[in-house]
There are 2 protein chains.
Amino acid sequence: MADYASLVEPRLGNTIGRWISFGSACRPFGLVALSPDTRIDGNGDWGCGYNLADNEIVGFSHIHDWQSGGILVMPVIGDVSATAGPAGFKSPFSRDTEFCKPGYHRVHLDRYAITAELTATARVGIHRYTFPSDLPSSQPAALLIDLASQCGPCTMLSASLSQLNARTFEGHVVNGPTKRKPKPHTVHFVLTLDTDATLAPFDPSRVQARLDLGRPAAPVTIKVGVSYTSLTAARANLHTETAGKSFDVLRAEAHAEWNDALVRIVVEGGDPVRRARFYTDLYFALLGRRTVSDCTGTYIDNTGPQPLIRQIPLNAESLPRYRHFNSDAFWGAQWSLVPLWALVYPEIIDEFCHCFMDLYRNGGLIPRGPTGGNYTFVMTSAQTTPLFACALNNDLHHPANVKEVYQALRKNHFPGGLMSKAGYEHTTCQGGGIEDYIARGYIPEGLPPVAMHTNGASQTIEHAYNDWALVQLARTLGHHVDVELFTRRSRNHRNLFDPSVGFCRPRERDGSWTEPFNPLQKKGWTEANAWTFTFHSAHDIAGLIECFGSRDAFLARLETAFVLSEKQNFFAPRDHHNVVPLDFGNEPALATAHLFQLAGRPDRTQFWLRRVIDTIKAGNAPTDTWGGDEDQGIMGAWNVLVSIGLFSATGACEMPARYQLTAPFFERVTITLPAGRKLRIVASGLTPTATNYVESIMFNGAPLTALELTHADLTVGGELQVVLSPAPAGLSQRA
Amino acid sequence: MADYASLVEPRLGNTIGRWISFGSACRPFGLVALSPDTRIDGNGDWGCGYNLADNEIVGFSHIHDWQSGGILVMPVIGDVSATAGPAGFKSPFSRDTEFCKPGYHRVHLDRYAITAELTATARVGIHRYTFPSDLPSSQPAALLIDLASQCGPCTMLSASLSQLNARTFEGHVVNGPTKRKPKPHTVHFVLTLDTDATLAPFDPSRVQARLDLGRPAAPVTIKVGVSYTSLTAARANLHTETAGKSFDVLRAEAHAEWNDALVRIVVEGGDPVRRARFYTDLYFALLGRRTVSDCTGTYIDNTGPQPLIRQIPLNAESLPRYRHFNSDAFWGAQWSLVPLWALVYPEIIDEFCHCFMDLYRNGGLIPRGPTGGNYTFVMTSAQTTPLFACALNNDLHHPANVKEVYQALRKNHFPGGLMSKAGYEHTTCQGGGIEDYIARGYIPEGLPPVAMHTNGASQTIEHAYNDWALVQLARTLGHHVDVELFTRRSRNHRNLFDPSVGFCRPRERDGSWTEPFNPLQKKGWTEANAWTFTFHSAHDIAGLIECFGSRDAFLARLETAFVLSEKQNFFAPRDHHNVVPLDFGNEPALATAHLFQLAGRPDRTQFWLRRVIDTIKAGNAPTDTWGGDEDQGIMGAWNVLVSIGLFSATGACEMPARYQLTAPFFERVTITLPAGRKLRIVASGLTPTATNYVESIMFNGAPLTALELTHADLTVGGELQVVLSPAPAGLSQRA
């Protein structure tokens, strides 16, 4: 098997540094993400973690997750105290001596002349430290453990550390609440070494401790088993995943597991840098959304007044039937993670549905961005409805009681559900505007400022799409009244379209338009503007065209959006969505290029996709970017889909889901489907120097008459023979 | 072996009904106390639980503990819903058909014609319900489970219940915070039946559920395993304690365990009612202070920002080395539980010390009244210092690090420790007055009203005694500076003595006496008055005599206190401590009778003890009382000690502890000491019709010259031959 993992650049994009965006020593969807931290307390999340702008390492911490962090360790030489914190024990390092690939990270700590190597299993971080030989007795080696300093988004409320025997230590650390996460949660760990260590006395009210290692004759290997539920589970995780295995064996396992995951999509031909970038993108699509359940299937439920340890059902082999995950928002996942996972990693979709239904049963709502066993209510609207619609309509999830699932989803579309809650609205139900949405057909501006993202206009448009996703499921299940109700609601975005300006725009409670209006203004819009959100409703192309008055008017305005955006490199710096119509570094614009195709101009889709990719998504160096913020796999998954020429502008919700076909960037793409079936995409006529347009496609020997296939078609497998041409021809010319 | 358990009247005193005071189906110190509830929501604690004033049963709940309750079940017939709550499913019952003995309770539910029998292991409640034979199919049997209604002191915040198979159910319920308990805590349970049952749909936001049982052909046995940590532990507790055992076997086990505990003190001769009452008293001394740890030694630590499951160290047989306990205050325990346990149940003292040191390590303070893994700060001062002083000075507890224990105790005697905290002062350190106590030698009135019991005068006197207890330990450990420091502080009660009135009295910050003064006033005193607290300081008889000017003046005032108190039957109704000088139904007066003896008049001690006992502690019917509130073994233990003629007015703190000897109420008392040694007390000349005075005592063949022996003397074992006379003679006449 070719070594795809070695092509991945895990550091890509960490010029901005974000706590959740970087992972080196970790497994796909793994709980532990062990990596060097260059800053651990800068603004909580942004700038934090591994940042390419820095040249000092403050330690190695085990969790880099959505609103979660902890267990910072640092090997040192000589009389260095843990109580000085990261500023006291940090070390310069050089990127010349750094090596970083999926599942493995090596750095040299110049201050101490220590070589640090990191690898991981799903729930265990493994360290190997090579200390200088012949240390003088006055300069012993030690491992510092800092459980007190802020570590990522959370300040640490309390912690413990105790020594069980010469080589075993255990403890816990409590991540405090944040603006985004209303409750504390606890991380438990068991740490073992392959050499004797002594825990020096420390202040238990502020656990910054030193494990003295003497003068180790050989490299020291340390294993840290982690659990969100208990010490017992941390011990079980450590034992189950690493017992009897050396650092090198575990490193090789990690590399192999990443290759096993990446090899589900083999791309060949085309530009070698783009191929490498493709695997970096795929890596990110499988990196975040981390496991929080234990190897035995226990997980923490923190939705109630007290945390509870609950149990995931076991299968016939007594293994958990699925995992639980922390997760940033599913905002924009309909155009990225959901269609990708649905096609290539359907088991992940199934696991998320199980996990989210458990949260529903525990806490009363299908969640938005759960972490530490509780809700975070990150971003807006009912983003998980499209996920479930995709899962149930495409045979990816088989609940015991589909009626219960439907009721759970439906609840989010009414007052008290997620459509009531704006960003991080933990205790009230006023910022989502659902009452206005139902009563008026749109959400006016001026919602109570109870939370973030209380923008009436963009919430209207998002609710409408999620309503449409629910319709897809209601139709399948025969809920005809709901089909009618939610179809009507799914057109509410039209109520914001002002023909006099040719945009959707914010509206007041009395029905008047919010003045003044500028299509690039921030007011009314969540991380975007009127340009982007006017073109958000890919589920209702006919309605959009109707709003604009004609297909040509619609296409002309869309073309203008791209022309203007290219001048700004299709990218808005964070919090500057007023500088560019379409930001391909952020979620809301991700389907806009495909609207051409849905409106009968596939050539313009292919043209602009190529421009966007070439502008901001082409390189594979650490300093290359995703445009903006990777957002736990969203940007990676989008690039993967676009690169292989498959996309679902409607979020893969239908039965069966619709996928749009565009020109792949590679000559051969081989996707391994469930049960070992293969889907091959073979492109002829690929040129690196110009836009490639799809001229014709044969699918399993028959010519396609449109650039679209369904999930059911694609998962049969077989071969797509794609003929490309440097100018629009054939299928790319048709409506 | 004689059947002492059958002599016990568990219902005694429940005319007042208190949540923590009643236990029938339970084991000594058991976690589960399963019993019929006649009220579960009346004022939280007082009046609540099993109340002799009531004639309806609202259900059977499993936990009757300090600030803890839960898992209410009720068997019913026919179409009775759980959602109506106790008012809807309650049933009348008759005390004619009731049978209640330690470890077993049987009642007949007249509304349903169901016979309900209850027994328990330490952590499992076992029910056997005999339903009417030949139930019509329209009237099926069912078990209602109400996890939503207030159950004792706590409202229930949330709960879950789910069916695992036809005969297994599991769930949890969260006890909300109370004024007395700052945080919620969770109770987990697993319920099994010996017949198939079906869980009907219920509202998960308010768990009041119905298990349909059909028409059972035989009595139905239900086992409910309980844990404060997790479902896993609840299952382990259920399995370990009851697997394969029938109701009758478990009932017999419970009876045998109670007999094993009670038989450590065998009393013979004397009045048969008093003998029975003696075992009731002893039962109460072993009933409360309930276990909270699991059979595997896991326990919940709720002192930090999140609950943690921690592990008690295991012994060579892999069993927990001790248990953790919930506990009401140790206020007054120095005159009841501590001297009794120290002599006859020393392993309990050892376990409490371990448990309290774990709480110190977890939460930073040796606790006052822990529950649900956290502090409650019930009552005042550092009540556990005498417990530890007794344990360490009398070889009952062997900590790994005695310096750590001493530092932990000492911390409570300074600002930030328990002497800073008045009753239920969870978040501040202002109500205990320790800064004033140190600076002025007394605590003035007018402390900030941050909590309950912020009475400067009684806190001064209590702190002084606890300081004296610490001195006993400081001396043993060679902390000479502390001996001097705390000896000086232990005399601070003298600073409140006003010779012009002949009482300790409240004092102002400027040194002046608080006006007006009335020795029966409540102001300044916690649940007592100036009469009681003036005579509180048994540790400093010389100082008291000095205050009064002469021994005669002291004895005269003490005599007056008893004469006046007898007119009120030595008893103050709750919150009416302004009606009687000395209330033998409450803690602060418990050593007053023994002050005569310490001041050289043992005859008056014996005279008044007999009066008090005959007046309020003689009967053994349900409607008899302990005077006031039993307070989790305090009153029972006091009666036990007085009844066998042993007492320690200084709280058994010294090395070795001093025990005062008085006339036993029985002809023969046989105490089984550790390692099977026996201490026999054989009284000759006992008369039921008059006060008995000790004329002479031979101890192991040698005559005593004073009415006092030490813990070291007594635990050697042997025989005390006590010669009694109806008039003061011999030893009872001496100083």
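Two strands count as paired if DSSP finds at least two bridges between them. Keep that cut-off at hand for the exercises below, which use a predicted model.

**Exercise 1. Work out how S7(A) and S8(A) pair, and what the turn of their hairpin holds.**

Step 1: Count the bridges. Strand S7 (residues 99–101) of chain A and S8(A) share 3 bridges, in the antiparallel sense. The cut-off is at least two bridges, so the two strands pair.

Step 2: Pick out one bridge. Phe99(A) has Arg106(A) in S8(A) as its bridge partner.

Step 3: Look at the turn. The hairpin of S7(A) and S8(A) has 2 residues between the strands, and Gly103(A) in that turn has a positive phi of about 90°.

**Exercise 2. Describe how the two domains of chain A are placed and where they touch.**

Step 1: Domain 1 of chain A covers 8–251, and domain 2 covers 268–305 + 314–716.

Step 2: Find the spacing. Taken over C-alpha atoms, the centres of the two domains of chain A are 35 Å apart.

Step 3: Count the contacts. On the domain 1 side 40 residues take part, and they are in contact with 39 residues of domain 2 of chain A.

Step 4: Ask what builds the domain 1 side. Helix H2 (residues 231–242) of chain A gives the most to it, with 5 residues. By type, the residues of that side divide into 16 nonpolar, 14 polar and 10 charged.

**Exercise 3. Find how chain B is related to chain A.**

Step 1: Superpose the copies. A rotation of 179° with 0.1 Å of shift along its axis brings chain B onto chain A, with an RMSD of 0.0 Å. The two copies are thus related as by a two-fold rotation axis.

Step 2: Locate the axis. Pro307(B) comes closest to it among the residues of chain B, its C-alpha lying at 3.6 Å.

Step 3: Compare the interfaces. Of the interface residues of chain B, 94% are interface residues in chain A too, so the copies meet through the same surface.

Definitions and conventions:
Residues numbered from 1 in each chain as written. Chains lettered and ligands numbered in written order. Predicted model: local features only at pLDDT ≥ 70, side-chain atom pairs only at ≥ 80, totals over all residues. Least-squares fit on C-alpha atoms with pLDDT ≥ 70 in both. Contact = placed C-beta atoms within 7 Å. Helix = DSSP H or I, 4+ residues; strand = E, 2+ residues; numbered from the N terminus. Domains from an automatic or database assignment. Nonpolar A, V, L, I, M, F, W, Y, C, P; charged D, E, K, R; others polar.
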